[in-house]
Structures are given as C-alpha cells and as structure tokens.
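Please keep the sequence and the structure at hand while reading.

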Amino acid sequence: MNPFDYTRAGSVAEAVAAGVSPGATFLAAGTNLLDLMKGGVTRPDRLIDITRLPGLDRIETLPDGGSRIGALVRNSDLAHDRDFAKRYPAVAEALLSGASAQLRNAATTGGNVMQRTRCAYFYDTASACNKRDPGAGCDARGGETRLNAILGWSEHCVATHPSDFCVPLVALDAVVEIESAAGRREVPLEAFHQLPGDTPQIETVLSPGELIVAIRLPPAAAVFSGHARYLKVRDRTSYAFAVVSAAAALRLEGGRIAEARVALGGVALKPWRARAAEAVLLGAAPDEAAFRAAAEAALTEARPSGDNAFKIELARRVIRRALTLAAAGTPDRLPALPASPFAVQSGVPAYA
Amino acid sequence: MAFPITLIVNGTPQHLVLEDARATILDVLRERLDLTGTKKGCDRGQCGACTVHIGGRRINSCLALAISHDGAEIRTIEGLAVGDALHPVQQAFIENDAFQCGFCTPGQIMSAVALLEEAQTDGDPERIREAMSGNLCRCGAYAGITEAILKAEQRMQPSVQGEAA
Ligand SMILES: Cc1cc2nc3c(=O)[nH]c(=O)nc-3n(C[C@H](O)[C@H](O)[C@H](O)COP(=O)(O)OP(=O)(O)OC[C@H]3O[C@@H](n4cnc5c(N)ncnc54)[C@H](O)[C@@H]3O)c2cc1C
Ligand code: SF4
Ligand code: FES
Ligand code: FES
C-alpha cells in the first residue's frame, strides 16, 4: 500500500472541498478501497474519511411515502431494518446475498454503489487493463471471462459492476443524491454508472469532489412489496459475487401483471435494467409463457465477450425463475439462503 | 505525520500514536498491543480469520483502518473468557471438535459470538451456516463448528432471553 495523507471530514462541506484536490479519495468503511490499495491497484495520495459525517446514517420515510437511505447507512442495518425490508424486500434480499455478515456490518450504502469491478485483470497489476491504465489494452479479452460482461461492453473493457444492492435499486427507479461545492444534484441510478465505450476509466457521472449523500426510492417503489425477489447464481453457495443475478418485481391486478420491473446483475458494467422484458410482461398473465418471452426480450442484444456465452442462457433462466418466485409472492421471512437457487422455497411463507 | 488515537480494547483504553496512517486494526492488535489471538489469513477480507467486534458488531479487522476508528470499542478473542471460565462458545468449540489446526478458530468464535447476539438464526443449522459463511476453515471443520454453535445457542438461551426481557 502506498503511503497517504489522512483527513477526517467533519462536515459535508469540508469533505467535498477536500475531495476536489487531485489524488484525493473518499474513505467510507474501506472494504473495497483498502483491498484495492493493498493490491496497488489504486494509489490515492490522500484519504478523506467520511465515516463521521453527521446525518448521513439515517433511513428515512419521506412525507411523499418514498424512502431515503443515507450514504453511511451500513448494508446490514438497511437489510435488517424491519420497515425498510417489508417495503423493499428484494433490496433486503440482495443485500443479504452479498459478501459476508462481517463485510455487510461495515460496508456503506455509498461505498456499495461506488465499488469497483471484480475483473481479475483489473486486480492483477501485472495485466494490461484500460480501466487502470487507459490505452494499455485489456487482458481480459481472450482470458478468463466467467465474471465478465455479456451486455453493454466494448472492445476496450468487458468488466461488470459487482454490486447486488444496485440491481433491485435500479429496478425500483432509485435516485442518487449528490453533493459538491456547487450544490446538490440528483441522478437516476440507471444513469449513474457509465458503460465502458472507449473510456472505461470513467465509471460514474461523479466529478472529483462529488459525494453521494443518499439514495432515494420513490413512493411507487413500495407497490411491489408483495411480489419482489432477488435471485443470484454464484460459484459457491454463499460469500461469492454473482455470475448472474436478477431482481424481479410485479404488481398483480385481477390475475394480470399491472406493472413489472426486471434488472440483471453480473452482466454489464452497470446494474442492467431490462425494460424490454418489462414491456413484454405488461398486461400478461403471470405464467411460464410470459416469463419465457420476457427473458428472451431481456437478452436480445447480449453477446459473449469471451468464453462466456453460457451466461446468456443462464441470465434468461435466472430471469424466468426470479419472475416465478416473485409471482408466487414475497415470503414472510427471507429464506435461510437469501437469493439462492438452492433455497427451499416456492414463494409462499416457507417458514410459517 | 503522527496520529494519536485511542482504542478501547477489551475494556481497556489504549492510547497509541500511529506513525503511519496505513495501519489496520488487525496490525495494531497484533503488532502494537501483542494481541496475537486475532489472525491474519488473507489480509483482504476474504477469509474471516481477523474477525473482531467493533461497537458490538463483527467486522474484518484487516480492512478497517485504525485511524478511522479512533475511540472505538473493540472486543477480541482475548476478551471473551472471564479468568479461567471460557465463554460458552469457546467451551462448545472444544466439546464439539470445532477445529483442527486452530488458525481460523479465533475468527470463527468471534463471528459465532456475534451471530448469537444478532439472534437471526434461531437454531436452524442452514441459517447458521449462511451466517458463518464469512469464516473459511481450511481444515474443513465446518460440521463441528455448526454443531458447536447450535450447542452454545441452546446453553445460552435462558440468559439471552433474560437479557431481552
Ligand atoms: C471478500 C469480499 C466479498 C464481497 N462480496 C460482495 C458481494 O457478493 N456482493 C456485493 O455487492 N458486494 C460484495 N463485496 C463488496 C462490498 O459490498 C463493498 O466492498 C462495499 O459495499 C464497499 O463499501 P465501503 O463502505 O467499504 O466502501 P469503501 O471501500 O470505503 O469505498 C469504495 C469506493 O467508494 C467511494 N465512496 C465511498 N462512499 C462514497 C460516497 N458517499 N460518495 C462518493 N464516493 C464514495 C470510495 O472513494 C471508494 O472509491 C465484497 C467485498 C469483499 C472484500
Ligand atoms: S475488462 Fe476492463 S477492467 Fe478488466 S482488464 Fe479489461 S479493461 Fe481492465
Ligand atoms: S485476514 Fe481479514 S478476512 Fe482474511
Ligand atoms: S481449523 Fe484449521 S483452518 Fe479452521
């Protein structure tokens, strides 16, 4: 790890002022940042510690019925907040399927959204990587691409965004609240992470010094609470990143799908909203045929970025199964293995 | 630059001056305070050997900068037993063959103690295994570990309920 200066910010104004200086990086829990620094992947000159910023650790229900999650709310606190988990069960399930209990106790809302890719060649400083070193090339091409993209990738970068949390959030139209010296602005989460194009080093819409202060869910996001699930296929049962994951949320009315939300994880450099699949589901009966058609629609533009064509069919099946689980109903209590295809469950209260 | 910090470790305030901001809590415990019960396995958040409690919550001390935790209350494996009386989880690990080489054991035990305090698993072995997935055991003592936690949970039940009431 390179040596660095350390500053503890006492206010948001102080943090964003310090954050603009070149080489400065915000430190939240550090579960991603320190890992990258230990590997020499990132070498910031100065850490601006934001963990003591006042007021950013709250989960609020807004007057309009929406919810606001402060950037410093820990992943485990959000997942275990009864009221929040009841309103947004797929978000809680996604959080609890990520990392480990220890990491979730530390990891923050802002840090989770901002976490970097897990592309193995990005982590290995002996490999060429356009994201680490623009113009250097991409050793993932022709390499091990099991965790790499099938949607939205470019010749310059085939990495994926690894967050589970972001997948149901993007399905539910979450909004990112950002603060800087210039004031406050908001960006829909769907537009927050950038596809690689020919600038894979640019990962989000944030400029230097811009700080995420909260993530907001609109009031309409809670209408799916009775039919919302997250499903995550991993290389081991727990404590592993998604090979492919999906969030599915339905609002049923008179035996028909009145509203549908579908998003994929592990397939692109951003949480991938599958709007084409949602359009197919609208007005349909929640059955196998509709789910199959939706899954097809979601992957029409997919193409392998290496030896990972299997992920396209896997993604279709994960969508179908997530929709089937969502249609059956959100269980009263999360299964013992959250989001796991190995969970014994059919949707109705499995632990009643 | 030197950074003075205080960590309250197993109830005792420790005043330290960090010469280097890079020190993790794991490094401080092992190298500065000679509390070597907490192990360094991967040093990257992937194994759980370094698990300690900060403010009553289990975390990976290898990914926690000491300087960022000025004032924190930290509990380590050395802080569990009262004199010669082992914590019920420690006792249960011995009785249920929950380790072989012992390298992962302090992390497993700290994680298990927190798990029981979190009270999310209610005696379901599958929930216990899931909640313990952040602690790897290279010797594969998982069956004994799950058994030990179940036994400790049964033994601690009356006192846990007493605290809640
Ligand atoms: C072994 C392991 C397994 C994991 N498995 C999973 C998994 O299965 N699923 C999953 O989703 N995640 C997983 N993670 C990742 C984990 O969720 C992230 O490390 C964590 O969410 C990051 O949060 P943090 O607070 O520690 O961020 P930090 O590490 O402190 O920061 C991460 C980045 O975000 C920036 N940042 C932090 N907060 C803000 C803010 N408010 N505004 C602007 N920038 C900010 C920092 O500058 C830094 O660049 C895993 C991590 C590890 C180590
Ligand atoms: S896929 Fe992207 S992150 Fe991975 S090596 Fe290529 S450029 Fe780097
Ligand atoms: S040493 Fe901290 S998780 Fe492995
Ligand atoms: S007992 Fe040897 S690693 Fe777990």
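The largest cavity of this predicted model holds about 90 Å³ of space, and the space in question is that taken by ligand 2. Counting cavities of 30 Å³ or more gives three, and the structure also holds three aromatic pairs over all chains.

- Sorted by class, the lining of the largest cavity comprises 10 nonpolar, four polar and two charged residues.
- Ligand 2 itself is surrounded by 14 residues, with Cys119(A), Cys129(A), Cys138(A), Cys157(A) and Val158(A) as the closest.
- The shell around ligand 2 divides by class into 10 nonpolar, three polar and one charged residues.

**The second largest cavity**

- The second largest cavity contains about 70 Å³ of space.
- It is lined by 13 residues, and Thr160(A), His161(A), Pro162(A), Ala242(A) and Gly266(A) are the closest to its centre.
- By class, five nonpolar, six polar and two charged residues form the lining of the second largest cavity.

**Aromatic pairs**

- Among the three aromatic pairs in the structure is the one formed by Tyr6(A) and Phe3(B), whose ring centres lie 6.2 Å apart and whose planes stand at 85°, so that the pair counts as edge-to-face.
- This pair crosses between chains, since Tyr6(A) belongs to strand S1 (residues 5-8) of chain A and Phe3(B) to strand S1 (residues 3-9) of chain B.
- Tyr6(A) has a relative accessibility of 8% and therefore counts as buried, the cut-off being under 20% relative accessible area.
- Phe3(B), at 11% relative accessibility, also counts as buried.
- Phe122(A) and Tyr123(A) form an aromatic pair as well, with 6.1 Å from centre to centre and 80° between the planes, and this pair is edge-to-face.
- Phe122(A) counts as buried because its relative accessibility is 1%, and Tyr123(A), with a relative accessible area of 17%, is likewise buried.

Notes. Residues numbered from 1 in each chain as written. Chains lettered and ligands numbered in written order. Predicted model: local features only at pLDDT ≥ 70, side-chain atom pairs only at ≥ 80, totals over all residues. Heavy atoms only, no water. Near = heavy atom within 4 Å. 1 Å grid on protein atoms, 1.4 Å probe; cavity = no way out; pocket = protein on both sides within 12 Å on 5 of 7 lines; lining within 4 Å. Sits in = over half its atoms within 2 Å of the grid points. Nonpolar A, V, L, I, M, F, W, Y, C, P; charged D, E, K, R; others polar. Points joined across faces, edges and corners; volume = space filled by probe spheres on them. Phe/Tyr/Trp six-rings, centres within 6.5 Å; stacked < 30°, edge-to-face > 60°. Helix = DSSP H or I, 4+ residues; strand = E, 2+ residues; numbered from the N terminus. Buried < 20%, exposed > 50% of the residue type's maximum accessible area, 1.4 Å probe, protein only.
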